[in-house]
Every structure is written in C-alpha cells, then in structure tokens.
Amino acid sequence: MTLPKIRVLIVDHGSESRDSLIRQLEMNKNIVVVGQAVQREQAASLVQKMAPNLLVLTLGAPDSENVETVETIMATCAIPIMVMRYYADAQWDTEYITRGALAVVDNQGESLQATQALHRQVEMLVGVKVIRHIQGLRHYAEPPTKPASVTEAPHHQWPFVLAIACSTGGPQALSKLLQALPAVFPCPIIIAQHIADGFAKSMVQWLDSVTELEVCLAGENDILTAGRVYILPPEHHLVVKKHHRLATIPRKTSDVYHPSCNLLLESVAEVYGEKSVGLIMTGMGSDGCRGIEAIFHKGGKTLAQDEVTSVVFGMNKFAIDKNVIHKILPLEKLAGALLAMAHQGKFEGKLP
C-alpha cells in the first residue's frame, strides 16, 4: 500500500534559499512541495487551493510581517505551520507560537544530519490538530493587574508543589491554565516546556503578561515560593533539591528533550512525595511519563490533559496508558481541579 505524500507549501519571506530547501525536502520520497508564495495573502489563497499538509514559513530577517503571515493563515484556514529562521535573532519567536505556529526552528544547512532532522520534523508536525483563529493571545484590552503584595505562605503550609510537563501546543495551553489561577494560589508551580534555546525568556515575559501569578525564568539555587511560576530554560535541565531550591544539571548532546520533564518530575517526587502533584499536558513523545509515574508511586497526585483539548495527544497518552494518572481533564477544567485540591483537598476519582 502506497502512503499519500506529505504536501508542503513554502512561504518565503526573504530567505533566498527556497530552491535548496525544496531539494532538501524532496530528498524524502514521501514529501512533495506543492506550491510557493512570497506574500501572506497569496499564501492564504494557496493553502485553500493546494490543501497542503504543512506550511513552512522561511524567514530571512526578523519582521512583524512574518507574525502577520502566521496570524492571517491561522485565522482563515488553519494548518500546521513550521517557522524556519535563517537568522539568529529569536525576538519574534513567542509571537509565532502564540499566533499558532507549532514550531520555530533554525536552518541547519544541507548536511545529511540536518536533512534527516528536517524530514523528522516535517513528519512529526504533519497531521497535528490545529485550531482556527489562534491569534491575539497576548493582546488584551487591559492586562491582568498584579497585586501589590501577596503574603507568602511558609513551605510547611503549601498544600503541594505542582510540576507541569508539556511540549507541542504547550505555550497556548499554559496561557489558558495560568490565566485561570489567582495570584494567591498557595503552591509553587514549576514548568518544563520543551522549547528552543533562547526562547524561554520571551515565553516568560508573555506568560507573565497574561496571568496574575508571578512568572519567572528558573535558575540555579532559586528558592521555591508559593504563587510563583518557574519556567525552566532549555539550555540545561533543572531539578528540585532539599531546602526547596533548584539546581542545574548540564545538558548532554545525546539529550533529545530539553529541558527534561522526567528529571524535573522525578526530583519533585523524591523531595515532596505525597505533597507532589504532577500534570502532564499536550506534547509529542514520551518525556514526562517516567516522572509522572514516580510521583504516582511516591503517593502524590497526577493529572493529565485530555485528548480532545490537546494539540498533540502524545506525552499525556503515554502516561494514561501506563495507568498512572488519577484524573484526566479537559484544559478548561484543570485550574478548577488544582484550586479544589489546594483549598479543600478535594480530589475525586481515578481514571475515567
């Protein structure tokens, strides 16, 4: 049986490398480039006419028009989008993701290794469920007002420590979850979101702008505080040590996922045991499953985002299939469940 080819549309905003990218893509016999565009209006029209499985937006320089291209396409005819940068500046990366792009990658050249990695990326993104009109996530008439001061509860009063694992689709899901939690949420929140190097700072700024909680970039020797959200950087791994401090672990060249969800969740399980809560959300692969299992076996509580509201039902599916999840919930009900656990200790039911 011959599988249908992966149909790719290239939208080129000044990369001057369109022909070489086409050759590189079509070295995989299962990939065919069905069209090319240079303007966002033309791109939106070709998406409707050519029905591609994936749009690759190639960028030669940072520009707000690139963001508008992603926004226009996702508002008119949603499709999986991979942004490929031919420059090092990551200042717009957050905007691409919040407007609906699934991945932002650097062009790695035309080596065999780079070509194989590109083919794997295309194959992973094709077929990912995307939602129409995913724009404006950070544009509110009035951003949330941060309370002038929040009384910090001592660690012995924390109901639990929350560790979250997520990947593809995670930034959008995290924004909705954190918006629904109040500034007085009485627990620390530590998040391992698979992201590209250099992207964490922008994501922290964006998430901090949409929630009453304080969102910060986690670092060596940080002390956990209730009501604060710690975003792990991808340049190294972070774990929780005794005395409620974070510690870095150097990244190895062989590490597939960064930052590591497993290492974070396993450390939370080890340090906090029954007072640990693990949440595994949308994402490709299986990272986080081992860590969720560690929390489960240490007597902590485990939650998973459900399939319907996940952009990619991968990491969470692995954990669910291992029967180590106490509760599976849609994205819009996760905050309510966490608040109930924190304030009333309510946590009813196991696997649905």
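**Exercise 1. Which hand, right-handed or left-handed, does the crossing of helix 6 and helix 11 have?**

Solution. Begin with what is being examined: this is a predicted model, in which local features need pLDDT of at least 70, side-chain atom pairs count only at pLDDT 80 or more, and totals for chains, interfaces and linings use all residues. Residues are numbered from 1 along each chain as its sequence is written, and side-chain values use heavy atoms, with hydrogens and water left out.

Step 1. Find the elements. Helices (H or I, at least four residues) and strands (E, at least two) are DSSP runs, numbered from the N terminus. The protein has eleven helices and 14 strands. Helix 6 covers residues 170–179 and helix 11 covers residues 331–343.

Step 2. Describe the pair. Two packed helices are described by the angle between their axes and the distance between the axes. Here the angle is about 40° and the axes are 9 Å apart. Axes are lines fitted to C-alpha atoms, for helices over the stretch in contact, and angles run from 0 to 180 degrees between N-to-C directions.

Step 3. Classify the angle. Angles under 35 degrees count as roughly parallel, over 145 as roughly antiparallel, 65 to 115 as roughly perpendicular and the rest as oblique. Helix 6 and helix 11 are therefore oblique to each other.

Step 4. A crossing is left-handed if the near helix is turned anticlockwise from the far one by less than a right angle, and right-handed if clockwise. Helix 6 and helix 11 cross in a right-handed way.

Step 5. List the contact (heavy atoms within 4.5 Å). Helix 6 supplies Ala173, Lys176 and Leu177, which meet Leu331, Leu334, Ala335 and Leu338 of helix 11. By class, six of the residues in this contact are nonpolar, none is polar and one is charged. For these classes, Ala, Val, Leu, Ile, Met, Phe, Trp, Tyr, Cys and Pro count as nonpolar, Asp, Glu, Lys and Arg as charged, and the others, Gly among them, as polar.

**Exercise 2. Describe how helix 2 packs on helix 3.**

Solution. Step 1. Helix 2 (residues 40–50) and helix 3 (residues 64–76) have axes 9 Å apart, at an angle of about 30°. That makes the two helices roughly parallel.

Step 1. The crossing of helix 2 with helix 3 is right-handed. On helix 2, the contact is made by Arg40, Ala43, Ala44 and Gln48; on helix 3, by Glu65, Glu68, Thr69, Thr72, Ile73 and Thr76.

Step 2. Sorted by class, this contact has three nonpolar, four polar and three charged residues.

**Exercise 3. How many disulfides does the structure hold?**

Solution. Step 1. A disulfide is a covalent bond between the sulfur atoms of two cysteines. In this model it is assigned to a pair of cysteine sulfur atoms within 2.5 Å.

Step 1. The structure holds zero disulfides. For cysteine 166, the nearest cysteine sulfur belongs to cysteine 261 and is 6.6 Å away.

Step 2. Check the surroundings. Buried means under 20% relative accessible area, exposed over 50%, and partly exposed in between (1.4 Å probe, protein chains only). Cysteine 166 has a relative accessible area of 0%, so it is buried. Cysteine 289, at 6%, also counts as buried. Of the 352 residues of the protein, 53% are buried.

**Exercise 4. Which residues does valine 8 touch, leaving out those up to four places away in sequence?**

Solution. Step 1. Valine 8 lies in strand 1 (residues 6–13). Its relative accessibility is 0%, so valine 8 counts as buried.

Step 1. The residues touched are Leu25, Ile31, Val32, Val33, Val34, Gly35, Pro52, Leu54, Val56 and Val122.

Step 2. Compare sequence with space. Valine 8 and valine 126 are 118 residues apart in sequence, and their C-alpha atoms are 9.3 Å apart.
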